[in-house]
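Here are my notes for you on this one. Have a look at the picture before reading on.

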Amino acid sequence: MAAPGSTIDFACANGTDIPIEERAADELRLLQGCDAAGRSAQLRQLAAEAAVANPAFDVTPASLVSAVISERGVCPASSDGLRALYPEKTHG
């Protein structure tokens, strides 16, 4: 996993505790492009009432992460590894 230290929540014990922002559904329902005359236009690819999920990001299960790459270096994906890179952010 590659992430800047500012995005690591050292107080979060579990990825299931991370709230996932839901983006606007029309980002998936509509496409922006040009019509035959070259004018900017929107194309509806899904019905306006079509149910969609559009999360801003996802959370990779910890079991699939073997290392963390940050601006401070690379460490094993463990609390000990993160403590080594960010001692001022962790306690105990």
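Predicted model: local features only at pLDDT ≥ 70, side-chain atom pairs only at ≥ 80, totals over all residues.

1. Residues are numbered from 1 along each chain as its sequence is written, and side-chain values use heavy atoms, with hydrogens and water left out.

2. Now find Ser70. With a relative accessible area of 13%, Ser70 is buried. You'll spot Ser70 in strand S3, which covers residues 67–70; strands here are DSSP runs of E with at least two residues, and helices are runs of H or I with at least four, numbered from the N terminus.

3. What does Ser70 touch? Leaving out residues up to four places away in sequence, Ser70 touches Ala3, Leu85 and Tyr86, where contact means heavy atoms within 4.5 Å.

4. Zooming out, the chain has two helices and four strands. Reading from the N terminus, the order is α-β-β-β-β-α. The chain is more spread out than a compact globule, because its radius of gyration is 20 Å, well over the 12 Å that the globule rule gives for 92 residues. That radius is taken over C-alpha atoms, and the rule is 2.2 Å times the number of residues to the power 0.38.

5. Along the principal axes, the C-alpha atoms fill a box of roughly 60 × 25 × 20 Å. Of the 92 residues, 16% count as buried.

Terms used:
Buried < 20%, exposed > 50% of the residue type's maximum accessible area, 1.4 Å probe, protein only.
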